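Have a look at the fold, then read on.

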Amino acid sequence: ECENTFTNAIKLNKVGIGSMLDMLECSYSADHPTFHKCHLRLSKLAFSKPENTEQVLFTRHFVPLVMRAMSEDIRTVTTLLEHLKNTGRETIAEAIAGFSTSSSSRAVKIGQKLKPNTILIVNGFNVDIDHTVKMSKRAKLIKKVAKACQISEEYIVSCKRTESSSIVATLISDKLANDLHNHGMGNTFISDNRKFVVFGEVMDNNKSP
């Protein structure tokens with residue numbers, strides 16, 4: 001019955017989104033299936049329209065809603081980023097697009113060394129590019145890396161695909177690589193309603209270059 005109450009409130013959207021989130025937190029623990037389901041629906045609702053986004057933008061609910069959308073509804077995040085950019089909030093948009101992924105197992109650990117000038121783009125092979133133009137496999141990979149990381153192709157020295165559809169790329173400078181993979185902690189980039197996460201490549205046996 002309680003879940004139906006939330007479902008109807010979300011459908012009608014007559015109660016403020018912040019109020020619905022407050023009620024949800026009072027009714028369920030964060031690990032409850034109903035909390036998960038309703039929180040996801042509220043994140044979609046919050047970022048589906050500019051007026052809804054404004055309701056939650058500067059509240060304590062904003063970051064948890066963004067994190068939910070980042071993991072489960074990337075199209076919603078794209079709509080949010082467009083709204084932020086259209087209203088002159090580029091700084092917030094950049095912060096969201098680059099949310100740290102330090103909890104990932106791919107994030108660099110204490111004592112590990114990273115390969116200089118090198119990045120790993122998770123799911124990078126799935127970047128959409130123009131397939132009507134004939135080009136070599138190398139050129140295709142470079143275009144995918146450039147699009148996923150939003151950098152110029154001239155900054156990319158070489159690329160190779162991994163078995164997991166990720167791409168390892170060597171760049172022209174270690175500073176650029178560090179900026180992209182957030183010094184090994186991970187960075188998120190959004191392109192064509194898809195999320196790509198960039199990490200550093202840990203050196204084999206952690207030996208110095």
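In which sense, left-handed or right-handed, does α3 pass α6? The crossing of α3 over α6 is left-handed, where left-handed means that the near helix is turned anticlockwise from the far one by less than a right angle.

## Ground rules

This is a predicted model, where local features need pLDDT of at least 70 and side-chain atom pairs count only at pLDDT 80 or more, while totals for chains, interfaces and linings use all residues. Residues are numbered from 1 along each chain as its sequence is written, and side-chain values use heavy atoms, leaving out hydrogens and water.

Helices (H or I, at least four residues) and strands (E, at least two) are DSSP runs, numbered from the N terminus. Axes are lines fitted to C-alpha atoms, for helices over the stretch in contact, and angles run from 0 to 180 degrees between N-to-C directions.

## α6 and its helix neighbours

Take α3 (residues 33-48): its axis is 9 Å from that of α6, at an angle of about 30°. The two are therefore roughly parallel (angles under 35 degrees). On the α3 side, S43, K44, F47 and S48 meet T76, T79 and L80 of α6, with contact meaning heavy atoms within 4.5 Å. By class, that makes 2 nonpolar, 4 polar and 1 charged residues. Here Ala, Val, Leu, Ile, Met, Phe, Trp, Tyr, Cys and Pro count as nonpolar, Asp, Glu, Lys and Arg as charged, and the others, Gly among them, as polar.

Then there's α5 (residues 62-72), whose axis comes within 6 Å of that of α6 (residues 74-86), crossing at roughly 130°. So α5 and α6 are oblique to each other, oblique being whatever is left after under 35 degrees (roughly parallel), over 145 (roughly antiparallel) and 65 to 115 (roughly perpendicular). From α5 come F62, V66, A69, M70 and E72, and from α6 come I74, T76, V77 and L80. The class tally for α5 with α6 is 7 nonpolar, 1 polar and 1 charged residues.

## The sheet

Five strands form an open sheet in the order β2-β3-β1-β5-β4, with antiparallel pairing; a pair needs at least two DSSP bridges between the strands. At the edges, β2 (156-161) and β4 (187-191) each pair on one side only. The twist averages 30° from one strand to the next.

Strands β1 (residues 114-122) and β5 (residues 194-202) pair over 5 bridges in the antiparallel sense. I119 has G200 in β5 as its bridge partner.

## Helices across the sheet

α6 also lies across β4 and β5, at about 85° to β4. Helix α8 (residues 137-149) lies across β1, β2, β3, β4 and β5, running at about 105° to β2.
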